[in-house]
Amino acid sequence: MGDMGTEDAFRQSPAPGQAIVAFDFDGTLTVRDSFTAFLKWKVGPERWRTGLLAMAPQLAAYAVDRDRQKLKEAAVRRFMPYTSPVALAVEAEQFARERWDGLMRPDALRVWEDWGRRGAHRAIVTASPALTVRAFAERLGADTLLGTDLVIGDKGWFTGAFEGDNCRGEEKVRRLRAAFGPEVRLAAAYGDTSGDTEMLAIADIAGFRVFKERPATRAGAARARRRSAGSPTS
């Protein structure tokens, strides 16, 4: 196999004594799974429907074995054939621009920014492919991005395989220790599923499902802008 689709370059070292705060991405900073949303956006409604029908055996197997990694690898093979890292980066950037307002939780963003003002080293630790989350991490000003790595084959396309384990559960802690040292202790961690339990256990503040807000609809956002401008509402 060829090189891996890793995000090792998207990693800064915290200063001595600097607090480290870790955020899960999907369902924590966002309102839904971003990788599923990205794939559906990438291929369009019709190819999404036919692709899911073709994945019926993998979906049935998941209902029994609950193996998220096998299911995600199958989704990469089905919806990202002949995709290179360069092409994926371009698509992921466009997706982030178009879907930011509809995906990001306002209350989670406020806490994210508050930790930034307090000088914390802010890390995103996600089971989604790091390459699809990178554009969001850049916009957020994240210091570190740890995500699932995609393997690139000899022809320069993603093979559908993951390098190592899906970045959830104990793998999140392993990745944090690899990045920050074996004795890493988080000032705070935020997550929303059982896949975040181990990460929350090494944090002084364990925020489990603390973010509830959903993005405002376009109409609601327009009304809020009119109110703030002192204009009459319709």
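Among contacts in the chain (heavy atoms within 4.5 Å) between residues at least 6 apart in sequence, 68% join residues at least 24 apart. A word on the model: it is predicted, so to speak of local features takes pLDDT of at least 70, side-chain atom pairs count only at pLDDT 80 or more, and totals for chains, interfaces and linings use all residues. Residues are numbered from 1 along each chain as its sequence is written, and side-chain values use heavy atoms, with hydrogens and water left out.

The chain has ten helices and seven strands; these are DSSP runs numbered from the N terminus, with helices (H or I) of at least four residues and strands (E) of at least two. Of the 234 residues, 48% are buried, where buried means under 20% relative accessible area, exposed means over 50%, and partly exposed is in between (1.4 Å probe, protein chains only).

**Around H2**

Axes here are lines fitted to C-alpha atoms, for helices over the stretch in contact, and angles run from 0 to 180 degrees between N-to-C directions. Angles under 35 degrees count as roughly parallel, over 145 as roughly antiparallel, 65 to 115 as roughly perpendicular and the rest as oblique.

| Helix packing with H2 (residues 34-54) | Angle | Axis separation |
|---|---|---|
| H3 (residues 56-65) | about 60 degrees | 5 Å apart |
| H4 (residues 68-79) | roughly 80 degrees | within 10 Å |
| H5 (residues 85-103) | about 105 degrees | 11 Å apart |

With that angle, H2 is roughly perpendicular to H5. On the H2 side, Ser-34, Ala-37, Phe-38, Trp-41 and Lys-42 do the touching, and they meet Leu-88, Glu-91, Ala-92, Gln-94, Phe-95, Glu-98 and Arg-99 of H5. Sorted by class, that contact has six nonpolar, two polar and four charged residues. For the classes, Ala, Val, Leu, Ile, Met, Phe, Trp, Tyr, Cys and Pro are nonpolar, Asp, Glu, Lys and Arg are charged, and the others, Gly among them, are polar.

H4 is also roughly perpendicular to H2. Here Phe-35, Leu-39, Lys-42, Val-43, Arg-47, Trp-48, Gly-51, Leu-52 and Ala-54 of H2 meet Ala-75, Val-76, Arg-78 and Phe-79 of H4. That contact divides into nine nonpolar, one polar and three charged residues.

With H3, H2 is oblique. Leu-52, Leu-53 and Ala-54 of H2 make this contact with Ala-56, Pro-57, Gln-58 and Leu-59 of H3. The tally for H2 with H3 is six nonpolar, one polar and no charged residues.

Setting aside neighbours within four places in sequence, Ser-34 touches Phe-25, Asp-26, Phe-95, Ser-128 and Val-133.

**Rings and charges**

Now for the aromatics. The structure holds twelve aromatic pairs. Rings of Phe, Tyr and Trp (its six-membered ring) pair if their centres lie within 6.5 Å; planes under 30 degrees apart count as stacked, over 60 as edge-to-face and the rest as tilted. Trp-100 and Phe-136 are a stacked pair, because their ring centres are 5.9 Å apart and their planes sit at 15 degrees. Trp-100 is in H5 and Phe-136 in helix H7 (residues 130-140), so the pair ties together parts that are 36 residues apart in sequence.

Arg-139 lies over the face of Trp-100, at 4.3 Å from the ring centre. The charged end of Arg-118 is over Trp-115, 3.9 Å from the centre of that ring.

Leu-150 is in strand E4 (residues 144-152) and is buried at 1% relative accessibility. The C-alpha atoms of Leu-150 and Ala-161 are 6.2 Å apart, although the two are eleven residues apart along the chain.

Which residues of helix H8 (residues 170-180) are buried? They are Glu-171, Lys-172, Val-173, Arg-175, Leu-176 and Phe-180. Their cover includes strand E2 (20-23), strand E3 (121-129), E4, strand E6 (186-191) and helix H9 (197-201). After H8 comes Gly-181, with a positive phi near 110 degrees.

Notes:
Lys NZ or Arg CZ within 6 Å of the ring centre and 35° of its normal.
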